[in-house]
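Hi,

Here is the structure I promised to pass on. Have a look at it first, and then read my notes below.

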Amino acid sequence: MTTDTSNLRLQQQFEFLSEADKLKKIERQNILTDSSRRENSAEHSWHLTLLAIILAEYAAEPLDLFRVVKMLVLHDLVEIDAGDTFVHTAEELTQQAEREQVAASRIFALLPPDQAQDMLACWREFEAGHSAEAKFAKSLDRVQPALLHEATDAVIWQKNGITKTQILARMKEVRENTPRLWPKVSAIIEQAAAKGRLHGS
């Protein structure tokens, strides 16, 4: 690799890393456990990687933990362009998925071609949700908000008019892919319903 090529590669990597910093500005609907403010997407991604490390023993299948962590660090970078949406309807999910596909193509293309291809493939693997790693990662992406809702008395579910049916549909990944975590998440949902935090419960 020549010096010019090496310099270009490093410049592209720095450009991508600088762009990734914008994830810190994307606010999510969920609030911190102390209810002081909304979390941002970078904080969400960090918390998910910690969940993966701590809860790896509850995975239903043997997996490559580093790949899980890689997926969780990358999966929400698309929100830099697409934003975070409190999605629960099929139409909202479709619209969000379309925005995220466009965002993924732009953001990962900032990297050198080999890394761009690898990162985009990892992001798409997460989205497809077929591999053991993707199943576990997607499940944790549902568990983390439930953890926050438990700590904050599910006020965001109530504020957004979320129903128990919507939550149960949203938690399908947990129920099917990490059954050992489902009793805990189910208990959080039932507790919120009992307190009247879920509409139509």
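**Surface, fold and one arginine**

The accessible surface of the protein comes to about 10,500 Å², and carbon and sulfur atoms hold 54% of that. Please keep in mind that this is a predicted model.

On charge, the protein carries 24 positive and 30 negative side chains, with 4 Å between the centres of the two sets.

As for the fold, you will find eleven helices and two strands. Their order along the sequence is α-β-β-α-α-α-α-α-α-α-α-α-α. The C-alpha trace spans about 65 × 35 × 30 Å along its principal axes. Of the 201 residues, 45% are buried. Among contacts with a separation of 6 or more, 68% are between residues 24 or more positions apart.

I also looked at one residue in detail: arginine 28, which sits in strand E1 (residues 27-31). Is arginine 28 buried or exposed? Its relative accessibility is 9%, and buried means under 20%, so arginine 28 counts as buried.

Leaving aside residues up to four places away in sequence, arginine 28 touches Asp76, Glu79 and Asp84, as well as Arg38, Glu39, Asn40, Ser41, His44 and Pro145. One of these contacts is glutamate 39: eleven residues separate arginine 28 and glutamate 39 in sequence, and their C-alpha atoms are 5.7 Å apart.

How values were computed:
Residues are numbered from 1 along each chain as its sequence is written. This is a predicted model: local features need pLDDT of at least 70, side-chain atom pairs count only at pLDDT 80 or more; totals for chains, interfaces and linings use all residues. Side-chain values use heavy atoms; hydrogens and water are left out. Helices (H or I, at least four residues) and strands (E, at least two) are DSSP runs, numbered from the N terminus. Buried means under 20% relative accessible area, exposed over 50%, partly exposed in between (1.4 Å probe, protein chains only). Contact means heavy atoms within 4.5 Å. Accessible areas come from the Shrake-Rupley method with a 1.4 Å probe; for residues, only the protein chains shown count as cover. Lys and Arg count as positive and Asp and Glu as negative; His and the chain ends are not counted. The place of a charge is taken as NZ of Lys, CZ of Arg, CG of Asp or CD of Glu.
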